[in-house]
Every structure is written in structure tokens, then in C-alpha cells.
Amino acid sequence: MEEQEKLARFQERIDSGQKIEPKDWMPERYRKQLTRMISQHAHSEIVGMLPEGNWITRAPSLRRKVALLAKVQDEAGHGLYLYSAVETLGVTREDVINEYLEGRAKYSSIFNYPTLTWADIGAIGWLVDGAAIINQTMLARGSYGPYSRAMVRICKEESFHNRQGYEIIYTLAQGTPEQKQMAQDALNRWWQPAIQMVGPPDDNSPNSAETMRWQIKVESNDVIRQRFIDRTVPQAHAAGLTIPDDQLKFNEETGHWETGPIDWDEFWRVVKGNGPCNRQRIQDRINAEREGQWVLDAAAAYAKKQGKKQLTLTE
Amino acid sequence: MSHVKEGAHGILWEVFIQSKPGIPHKHAGNVHAHDAEQALTNARDVYTRRMEGVSIWVIPANLVTASAGEDSDAFFDPAEDKVYRHPTFYTVPEGVKYL
Ligand SMILES: [Fe+2]
Ligand SMILES: [Fe+2]
């Protein structure tokens, strides 16, 4: 079949709502866009464990500690689902991870902010996982089978993350004045990064047109961001907290919350590697790989010694 | 030098989970592991953290042979025109029961 004809047939399949599977023909650009998106997503799940891991040993109660531990463990699982999904596109997990550790891959900019107080753990679960759920629910409807199935699985696990975060924030907001202030302070610091995290405005999102034509993404950044804002503002108010935006207002006609200007310069600065924690996050991941190497070596040595169903990549 | 050596995470395994006794195992995803035993424990930790399964199968991904998605029309063609394999193909006289 001619390339043009193949492309047309491919677009037809997508438009009719069929999922594309790993062995199907796909345009090189489709493969590239997906490889980029899924690996960035995988890195984000893994690097996202760092700011939260920072508070596991200092969680204020056993209840909070087991919940946070379980959440962070889920994120490790999310990273694994996604690294598996990206491998179906013909790259190896080792390659994809190296790209990230060598600073050649992006990941969600929000994980480059520090977690200064316990309330930040609440803010992450509430805001970051909240925005992630909306984005991932959309991605679950996407055209690439393995990615969309990974999203379905992930979404099932996310809602506990979101609720545990909100519970932390809400509890602090009903506590002593100092505790309430701590919750408000966390919201003040995380609000802008959270509304930026689903990506730049549609007219300045270089990949959007293509990823939407191929239904890798089925809704635009602006739509996702607005949905997040509309759901989150009333949640803040229910906790007695104030969204740090004095231009925020409810538009009776459209039924949407309208925000003041979003600081996109800040967003691009962090994406380009100059957020408060970018360097530390990569260094921590490099150290984790290095310090964990002996576990992998031991597992390989054990498998070899046992001689049990040991199979090599070249089989 | 790269941080993670090629093959450092072992090989790729396909994971199948039986969610309740008596029903078929269903494909759940993948793990990396150096041997079957490790693949099983990894699969347990990744795919059954919320009691999603009572039994797990793992199989090296490179041992799976799959029909090609693109040729699926031709591949499944022999079954396409055999409507007589379905009960609705046959007419039953009015009033006759238990057929
Ligand atoms: Fe996640
Ligand atoms: Fe999460």
C-alpha cells in the first residue's frame, strides 16, 4: 500500500474509534509522539515519588503514614505500567530511563517544587493528583491501546490519592489558626503550578494539533485546565480556604470559574530545567539507580545460579 | 556511560491475573524480572495491591506469538460467512418450546 493510502486508512481507523495496537501499522510521527508522551508520563510518576517520599518518615500519625506510603507505592506502579506501555512502541525500558537520567527527557514540571511543610503533602494529593485524574481520564479514551489501558488502571487507583490529600488539607484547615495558615500557605504555593501542570494554552502548545488529530489526546489543555479549576475552587471554599487569585470570579453565564493571568513564563522556566528542584530531582534518581544496582545484580546472579527458566533477551 | 545497562532490569514478562476462582486469567500488563519467581512477586506487587487476584501467570513476552492486527480481516475471514453456526439462523415453528 502507498504511504498516503496507509495514512488515510490509519486516520479512518482512529476516527471510527478503533484502538491502535502495538503490531499495527502506524505513522512514524504517531510512534514518536506517543513514545515522547508516555515516557514523560512514566518519568513523572517516578519522580513524583520524591517530593512525597520526603515526608513519609515525618507523617504526623500512623494513619497518615500508611496512606502516604501506599500512595507513593501506587505511583511506583504507575511508572511501571507506563514504562511497559512505552516498550510496546519498540524502545527498551533501560533506554527510556537513561534518556531521563541524562537530562534529555522531560517530566511534569510540578515535581520540581519542594515540599516544605506537611500541608504540601495534602496539597499534592488534592491538587496535583486532582489535575492528573482529569487529564488521565481523558487520556484513557485515547487511540493507543496499551496507553489507554494503562490509564484506565491508573485512574482506578488515583481517586484514593486525591481524597487522602484533600482530607489532609481539610483537617488542617479546620484546626488551630497555625494549622489553617499552613494549609492556606500550601495552597498559595501550589495553586499556580497546579493550574499550569496540564500544559500550555492551546494556541501555544506545539504538539497539540497532531496529538489531537490522532486522538492521543481527546481534549485540549485549555478544556482540561478549566475542568480542574471548576472542580477545585468549590473544594477550596468548602475547606474555608482562599484561592490565591484576586481576579478569580464565577461567570454565571458560562458556569465557569475565571482566573486572572496564569504565569506561563514561570511554567517554561521550570520546564526548561530552572525550577527550584530540577537538578536535585535528577541527581536523586541517578543516586537511586546507582545505590539500587546491587539489588538488580543480586537478582540476576540468583536467577543464573538457580538456572530456573532463565531466558535471555536474544531468545 | 549510561546509567542503566541494557538488560539490567531483566527480561519482559506478560502478566495474567485470575480475579476470582473459576474464571479465566486475563492479561493485566507486564513486568521486568530476571526469572519466573521474581516475575511472579513483581507482578503481585504491581498488579494485585488491592486484592485484584487469586492467581497469577507470567510468561516471557518473547514466547508469545500473536496474530497480526493488520491482517486480522483475512485471518478471521473463514468464520465470517458462517451464520449457520448460530442458533438464530434456524427457524422454529410458532408455539414449539425449549429449542
Ligand atoms: Fe500516578
Ligand atoms: Fe497519584
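The iron ion (ligand 2) and the iron ion (ligand 1) sit 3.3 Å apart, with A:Glu75 coordinating both of them. This is a predicted model, in which local features need pLDDT of at least 70 and side-chain atom pairs count only at pLDDT 80 or more, while totals for chains, interfaces and linings use all residues. Residues are numbered from 1 along each chain as its sequence is written, chains are lettered from A and ligands numbered from 1 in the order in which they are written, and side-chain values use heavy atoms, with hydrogens and water left out.

Take the iron ion (ligand 2) to begin with. Its protein donors are A:Glu75 (OE), A:Asp129 (OD), A:Glu158 (OE) and A:His161 (ND1), at 2.0 to 2.2 Å. Donors here are N, O and S atoms within 2.8 Å of the metal (3.2 Å for Na, K and Ca), and water is not among the atoms, so sites may look incomplete. Along the chain, these donor residues follow the pattern E-x53-D-x28-E-x2-H. A:Glu75 comes from helix α4 of chain A and A:Asp129 from helix α6 (residues 118-139) of chain A, so the pair ties together parts that are 54 residues apart in sequence. Helices (H or I, at least four residues) and strands (E, at least two) are DSSP runs, numbered from the N terminus. Both residues are tucked away: A:Glu75 is buried at 5% relative accessibility, and A:Asp129 is buried with a relative accessible area of 5%. Buried means under 20% relative accessible area, exposed over 50%, and partly exposed in between (1.4 Å probe, protein chains only).

As for geometry, the four donor atoms around the iron ion (ligand 2) subtend angles of 82 to 168°, which makes the arrangement irregular. Four donors count as tetrahedral if all angles lie between 85 and 135 degrees; four count as square planar and six as octahedral if opposite donors are over 155 degrees apart and all others between 65 and 115; anything else is irregular.

The iron ion (ligand 1) has A:Glu45 (OE), A:Glu75 (OE), A:His78 (ND1) and A:Glu158 (OE) as protein donors, 2.1 to 2.6 Å away. Its site is irregular as well, with angles of 82 to 152° among the four donor atoms. The spacing of these donors in sequence reads E-x29-E-x2-H-x79-E. Here A:Glu45, in helix α2 (residues 28-47) of chain A, and A:His78, in helix α4 (residues 62-87) of chain A, link distant parts of the chain, 33 residues apart. A:Glu45 is buried at 7% relative accessibility, and A:His78 is buried at 0%.

Helix α6(A) also packs against a neighbour. Its axis and that of helix α7 (residues 145-173) of chain A come within 7 Å and cross at roughly 150°; axes are lines fitted to C-alpha atoms, for helices over the stretch in contact, and angles run from 0 to 180 degrees between N-to-C directions.

Over in chain B, B:Met51 has a positive phi of about 60° although it is not a glycine. B:Met51 is found in the loop between α1 (36-47) and β3 (55-60) of chain B, and is exposed at 76% relative accessibility. B:Tyr98, in the segment after α2 (72-76) of chain B, has a positive phi near 60° too, and is exposed with a relative accessible area of 82%.
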